[in-house]
Amino acid sequence: MVSAAENTVLILNDADTAKPSLAGLTRAGLKDALAKAGVPDKQHKMRVAQLWSWIYARGVTSFDDMSDVSKDLRRTLADHYTLARPEIVTEQISVDGTRKWLLRLPKRDRDARAPEIETVYIPESDRGTLCISSQVGCTLTCSFCHTGTQKLVRNLEAQEIVGQILLARDRIGDWAGAAVPENGRLLPTAERKITNVVLMGMGEPLYNFDNVKDAMDVASDGDGLSLSKRRITLSTSGIVPEIPRWGELSGTMLAISLHATNDTLRDELVPINKKYPIAELLQACRDYPGLSNAKRITFEYVMLKGVNDSLAEARALVRLLAGIPAKINLIPFNPWPNTRYECSDWETIERFADVVNRAGYASPVRTPRGRDIFAACGQLKSESIKVRASALAAGSDTSA
Ligand code: SAH
Ligand code: SF4
């Protein structure tokens, strides 16, 4: 097996940090940027539409490529702005094709150092899923999650959230042929590599509601990135008051990090449960707008040896979810250094899955992906520094 260090690709970006980037902005953000560059008001609508299509449907990274924009305006834009993506610190490619990027974001006022986040691409036979981060670190402290142990925490800007999608499309070559012109509009082709986006990277997305919403609006815009909201899933630890608001204002698919069937255990595993206990959480799920058998809520359940993996708990899980259009996702625990938990034995997971399956839930056990590059759930970020250091020691300089 190839080791993580051998797989690490170091890319030193020469991103021009002096000028702000337009890539990742909302329509309102682009309009402001045009105004600041002195573009007359009456041109804004048309110019925003042009920029939108070049940035989000075609993925251009240079103003020179915007052939229907006048040379003068292209020069003005280039004088003030770039189309830069977040800076890549490392790119790692797993033996199973999973890719993980460690990204460095520009330092903002209160940042002591440039924050780093991770984005992961997971190719499967029928889909390609991009797992994106919504915060640097997380303010919550789920006891089995490594991200929760990270100190530096800030919300990502909408631009930084969208930037992860743009960057992933760049790196896996997901622009060319990504859209075909039809009746003057660009329509997505079936050959898209990134077909799904999950907000399951670092952070609690409902604690960064407005920016995550703006970002998902950009991602699902039919004239640009064109990801259907049915293929975008927000995962939450259960911030109950924000769930109906998210459903009404954004309406993506929802995943709930349940992980326990009683409040005593969930208080320990997912401490936000003390504030929003299971009964309230499940009521918010029942009320989530638009639920049907075609649009179900995913319940995530991490398998922790001797903690939450008994057959009695499998039966309790099934009883708890009765009446909610639901999918159950059993996640083998991904260990990290000094954690007090272990992953359940494979047989235990299978027996647990049997109970769930017999109750009528297709419950795929989520196969851990990209373990060799620490890209699996809950392994994000913290291991990267180690990997990067070893890659440097090995003098790795190959590029993808
Ligand atoms: N904060 C959000 C989304 C990010 S976490 C949430 O908690 O839902 C994405 C998923 O990974 C969650 O279900 C989380 O509980 C799970 N997870 C965290 N650490 C894990 C680990 N070490 N092993 C397996 N799954 C983990
Ligand atoms: Fe935060 Fe989610 Fe990790 Fe809990 S599981 S600490 S909410 S990222």
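Modeller: Start with a definition: strands are DSSP runs of E with at least two residues, numbered from the N terminus. Remember that this model is predicted.

Biologist: Which strands each supply at least two residues of the shell around ligand 1?

Modeller: Strand 11 (232-236), strand 13 (297-303) and strand 14 (326-332).

Biologist: Which residues come nearest to ligand 1?

Modeller: Gly 203, Ser 235, Ser 257, His 259 and Asn 334, out of 21 residues around ligand 1. By class, that shell holds 10 nonpolar, nine polar and two charged residues.

Biologist: What makes the pair of Glu 300 and ligand 1 a polar contact?

Modeller: The cut-off is 3.5 Å between N or O atoms. A polar side-chain atom of Glu 300 is 3.1 Å from an oxygen atom of ligand 1, so the pair counts as a polar contact. For Asn 334, a polar backbone atom lies 3.0 Å from a nitrogen atom of ligand 1.

Biologist: How much of ligand 1 does the protein bury?

Modeller: Ligand 1 exposes 530 Å² when taken alone, and the protein buries 95% of that.

Biologist: Now the helices. At what angle do helix 10 and helix 11 pack?

Modeller: Helix 10 (residues 311-320) and helix 11 (residues 346-358) pack at about 30°, and their axes are 9 Å apart.

Biologist: Why is helix 10 called roughly parallel to helix 11?

Modeller: Angles under 35 degrees count as roughly parallel. The angle here is about 30°, so helix 10 is roughly parallel to helix 11.

Biologist: Is their crossing left-handed or right-handed?

Modeller: Helix 10 and helix 11 cross in a right-handed way.

Technical notes: Residues numbered from 1 in each chain as written. Chains lettered and ligands numbered in written order. Predicted model: local features only at pLDDT ≥ 70, side-chain atom pairs only at ≥ 80, totals over all residues. Heavy atoms only, no water. Near = heavy atom within 4 Å. Polar contact = N/O pair within 3.5 Å; in protein donor to acceptor, adjacent residues only side chain to side chain. Areas by Shrake-Rupley, 256 points an atom, 1.4 Å probe, with all protein chains shown as cover. Helix = DSSP H or I, 4+ residues; strand = E, 2+ residues; numbered from the N terminus. Nonpolar A, V, L, I, M, F, W, Y, C, P; charged D, E, K, R; others polar. Axes fitted to C-alpha atoms, helices over the stretch in contact; angles between N-to-C directions. Parallel < 35°, antiparallel > 145°, perpendicular 65-115°, else oblique. Left-handed = near helix turned anticlockwise from the far one by under 90°.
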